[in-house]
Amino acid sequence: MSLYVNESFVKRSRNDAGNKVTVVLGAQWGDEGKGKVVDLLATEADVVCRCQGGNNAGHTVVVDGKEYDFHLLPSGIINSKSTSLIGNGVVIHLPGLFEEGDKNEKKGLKGWEKRLIVSDRAHLVFDFHQVVDGLQETERQAQEGKNIGTTKKGIGPAYSSKASRTGLRVCDLLADFKDFSMRFKNLVRQHQSMYPTLTVDVEDQLKKLKEYSERLRPMVRDGVYYMYEALHGSPKKILVEGANAALLDIDFGTYPFVTSSNCTVGGACTGLGIPPLNIGDVFGVSKAYTTRVGIGAFPTEQLNAVGELLQTRGHEVGVTTGRKRRCGWLDLVILRYAHMINGFTGIALTKLDILDVMDEIKVGVAYKVNGKRIPHFPANMDVLHKVEVEYESFPGWKTDTSAARKWNDLPAKAQNYIHFIENHIGVPIKWIGVGKSRECMIQMF
């Protein structure tokens, strides 16, 4: 027996762990330009995966002058040579998925349904989840005088159904429809008992779900087995596209003003069913300044001309919500915190060009509570609201950087700013973004 165990152990250690996946994650509060980085990497990728969130994410990708908007579809769907996978950790609103696909198809996205694979373990977001999302927000506003500022896409309520073990998954929809219908009706009743004003046309919903199920069926696979084969078959480039961001993570974000899933690196393992051993590069994406949508603490926020300038120059309006984003200086406390959790191997710094007109540029380097520096990022929101930010100041470069295509094209003062960020976080900056299109990403190594 011991000989057998020993022998198999030797075999394992000789055996290669398989292909590595590259993970792209937001390092701030979302809207950092992850889509652009994913898009760069997706041109080479064989498989592009989403592992968490739902259509509360919003990525805009510009290719050949055409703007595509993605919410649920991995942005790698643009690449006709790659396969896109929606993993088990994603919550899927089927009407949203097909509407998004059809809308992008009209813009020229061909054959997307043949390139998409959907995990049979992914949970479903129903229309009533979206209604409940709105009702909950109204209730929070009435009770506490403030809401969370959700996208009202039903993401939180769907993850609540999942956690309370009453949720329905893709595999349930594709199995016995009579059984599915019964469980769907129970789920509706459960929500109606909590929200008496909720009205649902159950038969109409089931009729639509039946139609969607037939359109969905050809795309559905066992996601765990699919990923295992992808990792252990021929060499493949596999990319994981994170939605939302570190400070919106259900565990590590500025709770309760967060999303309902893990948007940090652990979500890639649980949301796809892959071992940590297969995680390769982890790229964090950050703007050259900071933005936040909705409410919640924001230490470096600039409620002044600086904030307004960043908002207008940066066209800071949410892709998913159309809400104006709040703007402020770059906060390195946040980036260091995101790095502690994710272990970034490289950073993409986007929208550097937005700072081109500034006379002076500030960077938050530390938080003080009662005049004392704190080494960690505060968990408690009241504390975070009260922190005093310590800033480092830099002279602006006052030069247009939007035409820069390599490091040496950047003005010395911009290079200085970038080096400071790198040294402070302790992670190399791999890309610098100076504009909207693919060509505007300067690659450093």
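Me: What should I know about the model before we start?
Reply: The model is predicted, so local features need pLDDT of at least 70 and side-chain atom pairs count only at pLDDT 80 or more, while totals for chains, interfaces and linings use all residues. Residues are numbered from 1 along each chain as its sequence is written, and side-chain values use heavy atoms, with hydrogens and water left out.

Me: How many aromatic pairs are there?
Reply: The count is 16. Rings of Phe, Tyr and Trp (its six-membered ring) pair if their centres lie within 6.5 Å; planes under 30 degrees apart are stacked, over 60 edge-to-face, and the rest tilted.

Me: Why is the pair of Phe98 and Trp112 called tilted?
Reply: Because the planes of Phe98 and Trp112 are at 50 degrees, with the ring centres 6.4 Å apart. The pair links distant parts of the chain, 14 residues apart: Phe98 is in helix α3 (residues 94-106) and Trp112 in helix α4 (residues 112-115). Helices here are DSSP runs (H or I, at least four residues), as are strands (E, at least two), numbered from the N terminus.

Me: Phe98, buried or exposed?
Reply: Phe98 is buried, at 2% relative accessible area, and Trp112 is buried at 0%. Buried means under 20%, exposed over 50%, partly exposed in between (1.4 Å probe, protein chains only).

Me: And what about Phe180 and Phe184?
Reply: Phe180 and Phe184 are stacked, 6.3 Å centre to centre with 15 degrees between the planes. They sit 4 residues apart in helix α8 (residues 177-194), so about one helical turn separates them.

Me: Changing topic, which ring does Lys362 lie over?
Reply: Lys362 lies over the face of Tyr391, 5.6 Å from the ring centre. The rule asks for NZ of Lys or CZ of Arg within 6 Å of the ring centre and within 35 degrees of the ring normal.

Me: Where does UniProt put the active site?
Reply: The unreviewed UniProt entry places "active site" at Asp31, His59 and Lys162. These positions use the numbering used here, feature names are shortened, and annotations may be inferred rather than shown by experiment. The three are spread over 132 residues of sequence and up to 26.3 Å between C-alpha atoms.

Me: What is Lys162 in contact with?
Reply: Leaving aside neighbours within four places in sequence, Lys162 contacts Asn88, Gly89, His123 and Gly167, contact being heavy atoms within 4.5 Å. Lys162 is in helix α6 (residues 155-163) and is partly exposed at 31%.
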